[in-house]
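Please have the structure open while reading.

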Amino acid sequence: MGEPQGSLPDLELVRKTQRGDISAFDELMMRYNRAVYRLAYSIVRSHADASDISQETFIRAYRAISRFDEQYRFYTWLHRICVNLCLNHLKRVQHQKLVPLPGTDTEGEWQDLPDPGTSPSDMEIRRDLDQALRKLPSDQRAVFVLRVKEELSYNEIAKMLGIPVGTVMSRLSRARLRLKELLKDYLPR
């Protein structure tokens, strides 16, 4: 993920924002809004929560832009803010008991309408994968999403989460083992 062709590099937009140019930050938001939302949704598994976390990510980034360390990529810094917000959200949610409303699924979240081109078996696989991801501890889920979905390196994940590379590797290993166990019906025998 990087700057679109013909536009200013992220670092220049950061510097302009630091000098008070709000439109430069707007451009950064437009550039990374979808990626931040996808990351948040991949971790929290709720569209409403992912939307809120995405907005909060940009609010926090704007407030902290004066302290941005230029040795990092803006995208990586933004991802770290988002992941931290997701993990904090999951910790809060684990302490609350949700009561599903009528017309909602067991997680208390409205069912998504299926894509008209999606086969019933694909929908079932997606639903089962989503449920399996929800069952992972938040620290394992975050590492799994960052490695598998976001395709970040172990070093990038370690820096983003502020943990050793070995911890990233062990959390990823545990997440894969747990998912393998939860999704054993889909694995070849």
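Predicted model: local features only at pLDDT ≥ 70, side-chain atom pairs only at ≥ 80, totals over all residues.

## R15 and its partner

R15 is partly exposed, at a relative accessible area of 31%. The residue belongs to helix α1, which spans residues 10–18. The side chain of R15 forms a salt bridge with that of E70, at 2.7 Å from N to O. This pair connects distant parts of the chain, as E70 sits in the loop between α3 (47–64) and α4 (74–94), 55 residues apart from R15. E70 counts as partly exposed too, with 38% relative accessibility.

## Other salt bridges

Over the whole structure, a search finds 12 salt bridges. One of them joins the side chains of D139 and R171, with an N to O distance of 3.5 Å. Here again distant parts of the chain are linked: D139 lies in helix α6 (residues 138–149) and R171 in helix α8 (residues 165–182), 32 residues apart. R171 has a relative accessible area of 19%, and because buried means under 20%, R171 is classed as buried. D139, at 27% relative accessibility, is partly exposed. Salt bridges with shared partners also bring D10, E27 and R31 together in one network.

A further salt bridge is made by the side chains of R19 and E12, at 3.5 Å from N to O. R19 has 60% relative accessibility and therefore counts as exposed, the cut-off being over 50%. E12 is partly exposed, at 27%. As a general point, side chains of opposite charge can pair when their charged atoms come close.

## The site of D130

D130 is located in helix α5, which covers residues 120–135. Is this residue D130 buried or exposed? With a relative accessible area of 13%, D130 falls under the 20% cut-off and so is buried.

Which residues does D130 touch, leaving out those up to four places away in sequence? The answer is Y41 and R45. With R45 there is also a polar contact between the two side chains, at 2.4 Å.

## Helix α2 and the residue after it

R45, the side-chain partner of D130, follows α2 and has a positive phi, near 60 degrees.

Technical notes:
Residues numbered from 1 in each chain as written. Heavy atoms only, no water. Helix = DSSP H or I, 4+ residues; strand = E, 2+ residues; numbered from the N terminus. Buried < 20%, exposed > 50% of the residue type's maximum accessible area, 1.4 Å probe, protein only. Polar contact = N/O pair within 3.5 Å; in protein donor to acceptor, adjacent residues only side chain to side chain. Contact = heavy atoms within 4.5 Å. Salt bridge = Lys/Arg side-chain N within 4 Å of Asp/Glu carboxyl O.
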